[in-house]
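Hi there,

Here is the structure I promised to pass along. Have a look at it first, and then read on for my notes.

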Amino acid sequence: MGLLRAHQLSLRTARFCLSSVSTPKSWLSTKPAFQGDKNILLMGPPGAGKTTVGKIVAHKLGLPFIDVDDDVLEPTWKMPVSAKLAAVGGQRFLEEEGDALCNFSASGCVVSLTGSNPLHAEAMQHIRQNGLVVYLDVDSEDIIQRLTRMKVNRIVGQEAGVPMKDILLYRTQFYEKWLDVRVLCGTGDTVEEVAEKVLKAVRRYQNHDEDTYVSTRCDSAGLSNQKTHFSDVVVEGLAADGGLYVPINGLPKMDAREWMRLAGMSYPERALVLLEKCIHPLDVSALDLRTMIFNAYGSNFLTEAVAPVKHLVNNQYVLELFHGPTASFKDLALQLMPQLFTHCLPPMCNYLILVATSGDTGSAVLSGFSRLSGADGTRTGVLVFFPEGGVSEIQKLQMTSYKEGNARAVGVLSDFDFCQRTIKRMFGESGLTGHLAVEFGTVLSTANSINWARLLPQVVYHSSAYLDLCRDGIIKFGEPIDICIPTGNFGNAMSAVYAKQMGIPIRKVICASNHNRVITDFITTGEYDLRGRPLMLSSSPAIDILKSSNLERFIYHVSGGCGRLVKDLFTRLDRQQHFQVPEPLLGRMQQEVLASWCSEEDCLAAIQSTHTQTGYVMDTHTAVAKVVSDRLQDGSCPVVLCSTAHYGKFAPAVFKALQIQNIPEDPVEQLKTLELSASTPTMHREMMQCLKEGGRTKHTVCQADYSVMVEEVESMIQDCFLKVI
């Protein structure tokens, strides 16, 4: 076993020991489900069905049922709850209700809380010590209809003249504060269906070891007793065998009624519900996850919508993924991923995040990690390697503008594939990783899309785009869409495949390549061939990639989890620069995705013609997607084009496409000039401000040599962490 792997396992063991101190052991035991002294606490607004659902759950589990109203409050007060409320008023009622709950004790029961219990902090802290809080998240319209049928027109805390909907919205913050697990109730769900969801949610909470991850290169016979959880894969990044981590049971599928609940939510609210379903609460609690998400998708984005969908022309819609701080789609993952990473860090160790970028990932990683504060920020460094001649000038200025803190960007006199290959080699060299761990107390990790925590948040925006089309009446839920994605490393495309797995009705994922069309050739023929194939620079540099890492996850997905096949194919690619998938597997691939490529001339022509027709200015990558969509999509359903970057990042190419003369040399002035020509989208103010403040600055450029890049890693570690050691 390599030194790094041994170090990772010891850290993982330490993290488990620490977490088990605060985690109720009975919920993690191997006893039959739901035995032990813990209570299942059903929480939700009045009319959520807590009592009826609780009785069903208790019956199915053979546990006692307690209704706080009937079995705690009324015996304590010796009067009906409604009479007590009328006698003492709302505020005094909440205080006495909380006092009664503080004196309540039970074990091994299903307990239905009142709708107002969560408003009393001391009472909730008391009862939560011996129970799992399950939040019945029911749509407010359903609640109001039920309360109307029950002839309830006023609830605790509702002042005269305040609409029921407003008081229900006000109470939501308290339910969100105390929940351990959420049960998302679809509109029209029956109590029996909700009860089954409760049972499923509690079983998931109890069985943490079933919510684990496996390498794409590991077959079922090779699975060990060592369980790899979300918190492990976030920190480790790459699996020990060189494969990529994937959830062993895939992503959870949601039904149509659950999805429709999300249609009326904001982007952060959608992200919270979806990621709660994908991240076990014992890895990241619901409250911590909520804090991270609302921090990630807040005022740092230029629009409250975060990732809005705009109509372009005919059946084409643009998913604008460039409103984050660095003006690319990478922000949608990398404003969240650093928070997840530092949350999962084990103690007593520093981490250096190594990143290879073809342009956009670098500045997004630097931005995301620079927002960390406190001890977590000082224990984490970021080193970005980018192809010196393979990114746009503005992309380079964005990366090199980060001059302070534990962050650095280094240019390499080669291409992206060399940078990515070198980083993977560093991870695989146990001598190097062991040396860094032992001598400097530093472990390497990654923030590229090979890290599961980088890929997972991208599932949200594909799902959100579909929900926006439903909300705006363009489609009804269940009607299909196509998604067209400019892709080089296949991460963005893979996240769309996962959104489909979760239940979004995506008909085809259309992969759009530039003239480095290795993905298009592979999807078309099943042959992945890098022999004698040079990387050609293009005006869409973010997809100037020949070795697409996330294809491992795609092949694992379509092969039904055949890790042995994936390992064989990618070992062959490393050794022979070539592999061919079997014909049946190619057929399954083509059922999921289509692919084509776009020439440089067609890319620029698409920018010009779209601007002439609509006034909309696309960046070069979005133009690649539009050309391919025009070629492959049949017009029978809407197609969403993923606009992965703001056009300002590739100003010279856009100037050429729009035939604008007398181009300024200064990048800031270039953006100002472009702003005059573009009616929509507007100029990205934060990107412009970053360039103004950063200016032109010297940065390190190194030779395309493994040992030289290792020296950069060691130098970075010394600069970041020697003062801490």
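**Helix packing**

Helices α28 and α29 are roughly perpendicular to each other. Keep in mind throughout that this is a predicted model. Helix α28 covers residues 600-614 and helix α29 covers residues 620-632; the two pack at an angle of about 90°, with their axes 8 Å apart. On the α28 side, the residues that meet α29 are Asp 602, Cys 603, Ala 606, Ile 607 and Thr 610. Their partners in α29 are Thr 620, Ala 623, Val 624, Lys 626, Val 627 and Arg 631. Sorted by type, the residues of this contact between α28 and α29 come to six nonpolar, two polar and three charged.

The next pair is helix α14 (residues 286-296) with helix α16 (residues 337-344), which pack at an angle of about 150° with their axes 9 Å apart. That angle makes α14 roughly antiparallel to α16, and the crossing of α14 past α16 is right-handed. From α14, the contact takes in Asp 288, Leu 289, Thr 291, Met 292, Asn 295 and Ala 296. From α16, Gln 339, Leu 340 and His 343 take part. The residues of the contact of α14 with α16 split into four nonpolar, four polar and one charged.

Then there is helix α24 (residues 518-525) with helix α27 (residues 583-592). Their axes come within 8 Å and cross at roughly 120°, and α24 and α27 are therefore oblique to each other. Phe 522, Ile 523, Thr 524 and Thr 525 of α24 make this contact with Leu 586, Met 589 and Gln 590 of α27. Here the residues divide into four nonpolar, three polar and no charged.

**Aromatic pairs**

How many aromatic pairs does a search of the whole structure find? The search gives 16. One to look up in your viewer is Tyr 466 with Phe 477: the ring centres are 5.4 Å apart and the planes stand at 85°, so this pair is edge-to-face. Tyr 466 sits in helix α22 (residues 452-471), while Phe 477 belongs to the loop between α22 and β14 (481-486), so the pair ties together parts that are 11 residues apart in sequence.

Are these two residues buried or exposed? Tyr 466 counts as buried, at 0% relative accessibility. Phe 477 counts as partly exposed, at 21% relative accessibility. Elsewhere in the list, ring pairs link Tyr 213, Phe 230, Trp 452 and Tyr 498 into a cluster.

**Two residues with positive phi**

As a reminder, most residues other than glycine have a negative phi. Lys 151 has a phi near 60°, a positive value in a residue that is not glycine. You will find Lys 151 in the loop between α8 (140-149) and α9 (164-178). With a relative accessibility of 77%, Lys 151 counts as exposed.

Asn 314 is another non-glycine residue with a positive phi, in this case about 55°. Its place is the loop between β8 (309-313) and β9 (316-320). Asn 314 also counts as exposed, at 64% relative accessibility.

**Two more residues to look up**

Asp 67 lies in strand β2 (residues 65-67). Is Asp 67 buried or exposed? At 6% relative accessibility, Asp 67 counts as buried. Which residues does Asp 67 contact, leaving aside its neighbours within four places in sequence? They are Thr 51, Val 72 and Ser 112. Leu 340, one of the residues of α16 in the contact with α14, is 273 residues from Asp 67 in sequence and 37 Å from it in space, C-alpha to C-alpha.

Glu 196 is in helix α10 (residues 191-206). With a relative accessible area of 36%, Glu 196 is partly exposed. Between Glu 196 and Val 713 there are 51 Å in space, C-alpha to C-alpha, and the two are 517 residues apart in sequence.

That is what I have for now. Happy browsing, and do write back with any questions.

Best wishes

Conventions: Residues are numbered from 1 along each chain as its sequence is written. This is a predicted model: local features need pLDDT of at least 70, side-chain atom pairs count only at pLDDT 80 or more; totals for chains, interfaces and linings use all residues. Side-chain values use heavy atoms; hydrogens and water are left out. Axes are lines fitted to C-alpha atoms, for helices over the stretch in contact, and angles run from 0 to 180 degrees between N-to-C directions. Helices (H or I, at least four residues) and strands (E, at least two) are DSSP runs, numbered from the N terminus. Angles under 35 degrees count as roughly parallel, over 145 as roughly antiparallel, 65 to 115 as roughly perpendicular and the rest as oblique. A crossing is left-handed if the near helix is turned anticlockwise from the far one by less than a right angle, and right-handed if clockwise. Contact means heavy atoms within 4.5 Å. Ala, Val, Leu, Ile, Met, Phe, Trp, Tyr, Cys and Pro count as nonpolar, Asp, Glu, Lys and Arg as charged, and the others, Gly among them, as polar. Rings of Phe, Tyr and Trp (its six-membered ring) pair if their centres lie within 6.5 Å; planes under 30 degrees apart count as stacked, over 60 as edge-to-face and the rest as tilted. Buried means under 20% relative accessible area, exposed over 50%, partly exposed in between (1.4 Å probe, protein chains only).
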